[in-house]
Amino acid sequence: MLNPENFIGYQLKTSGRAFTNEVNSRVKELGLPITIEQIGIIFRLFFNPGTTQKDIAGFFCKDKTTIARIVGTMERNDLVVRVPSEIDKRINLLYLTNKGKELQSILIKVVLETSEKAAKGISKEELEITKKVLNQIKINLDDKGC
């Protein structure tokens with residue numbers, strides 16, 4: 001009989017969920033009202049200020065409507081600001097506010113500590129192989145460019 005626990009999809013899903021749950025738990029302990037999706041957007045904007053919603057949607061493989069909703073919430077919570085592009089006023093560029101930047105500095109610690117916890121007992125070589133394998137799985141299955 002086939003055991004679902006032996007499937008790569010199951011392993012990927014449960015490992016990702018465990019990581020997300022750990023980050024969510026730590027964020028909740030700190031009393032921060034933020035979701036894992038918002039954390040991802042904060043990091044993306046920290047490293048790539050002036051990114052468009054369309055680019056964020058593509059990076060996270062989410063539809064534009066979902067990203068617009070998340071960004072709207074973040075804007076209402078004073079974490080991001082939308083600035084019209086000088087080249088094309090129809091396009092909004094996203095930037096972190098000071099509050100968003102302050103939150104990012106707290107969140108980076110949470111994510112790094114969670115990453116260290118996740119990597120406990122795994123050598124640097126094994127982690128590099130894992131990243132390479134996960135990237136290849138993504139390439140193998142990604143026919144839409146996500």
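The buried residues of helix α3 are covered by, among others, α2, β1 (51-52), α4 (64-76), β2 (80-84) and β3 (92-96). Helix α3 itself spans residues 53-60, and its buried residues are Gln53, Ile56 and Ala57. These residues lie on the same side of α3, because they cover an arc of only 100° around the axis. Here buried means under 20% relative accessible area, exposed means over 50%, and partly exposed lies in between (1.4 Å probe, protein chains only). The arc is that of the directions from the helix axis to the C-beta atoms.

The model is predicted: local features need pLDDT of at least 70, side-chain atom pairs count only at pLDDT 80 or more, and totals for chains, interfaces and linings use all residues. Residues are numbered from 1 along each chain as its sequence is written, and side-chain values use heavy atoms, with hydrogens and water left out.

**Overall architecture**

- The protein contains 6 helices and 3 strands, where helices (H or I, at least four residues) and strands (E, at least two) are DSSP runs numbered from the N terminus.
- Read from the N terminus, the order of elements is α-α-β-α-α-β-β-α-α.
- The C-alpha trace spans about 55 × 40 × 30 Å along its principal axes.
- Of the 146 residues, 28% count as buried.
- Among contacts between residues at least 6 apart in sequence, 53% join residues at least 24 apart; a contact means heavy atoms within 4.5 Å.
- The accessible surface comes to about 10400 Å², and 57% of this belongs to carbon and sulfur atoms; the areas come from the Shrake-Rupley method with a 1.4 Å probe, and for residues only the protein chains shown count as cover.

- Helix α2 (residues 36-47) has 12 residues and reaches 17 Å from its first C-alpha to its last, close to the expected 16 Å at 1.5 Å a residue; the expected span is 1.5 Å times one less than the number of residues.
- The buried residues of α2 are Gln38, Ile39, Gly40, Ile41, Ile42, Phe43 and Leu45.
- Cysteine 61 follows α3 and has a positive phi, near 55°.

**Nonpolar surface patch**

- Leu2, Phe7 and Tyr10 make a nonpolar surface patch of about 340 Å².
- Patches are made of residues with over 30% relative accessible area and no salt bridge, with like charges joined within 9 Å and nonpolar side chains (Val, Leu, Ile, Met, Phe, Trp, Tyr) within 5 Å.
- Tyrosine 10 is located in helix α1 (residues 8-29) and is partly exposed, with a relative accessible area of 35%.

**Salt bridges**

- The structure holds 7 salt bridges, each defined as a side-chain nitrogen of Lys or Arg within 4 Å of a carboxyl oxygen of Asp or Glu.
- Glutamate 75 is bridged to arginine 82, with the closest N and O atoms 2.9 Å apart; glutamate 75 is partly exposed at 33% relative accessibility, and arginine 82 is partly exposed at 24%.
- Aspartate 88 forms a salt bridge with arginine 90, the closest N and O atoms lying 2.8 Å apart; arginine 90 counts as exposed, at 74% relative accessibility.
- Lysine 138 pairs with aspartate 142 in a salt bridge whose closest N and O atoms are 3.7 Å apart; lysine 138 is partly exposed at 43% relative accessibility, and aspartate 142 is partly exposed at 24%.
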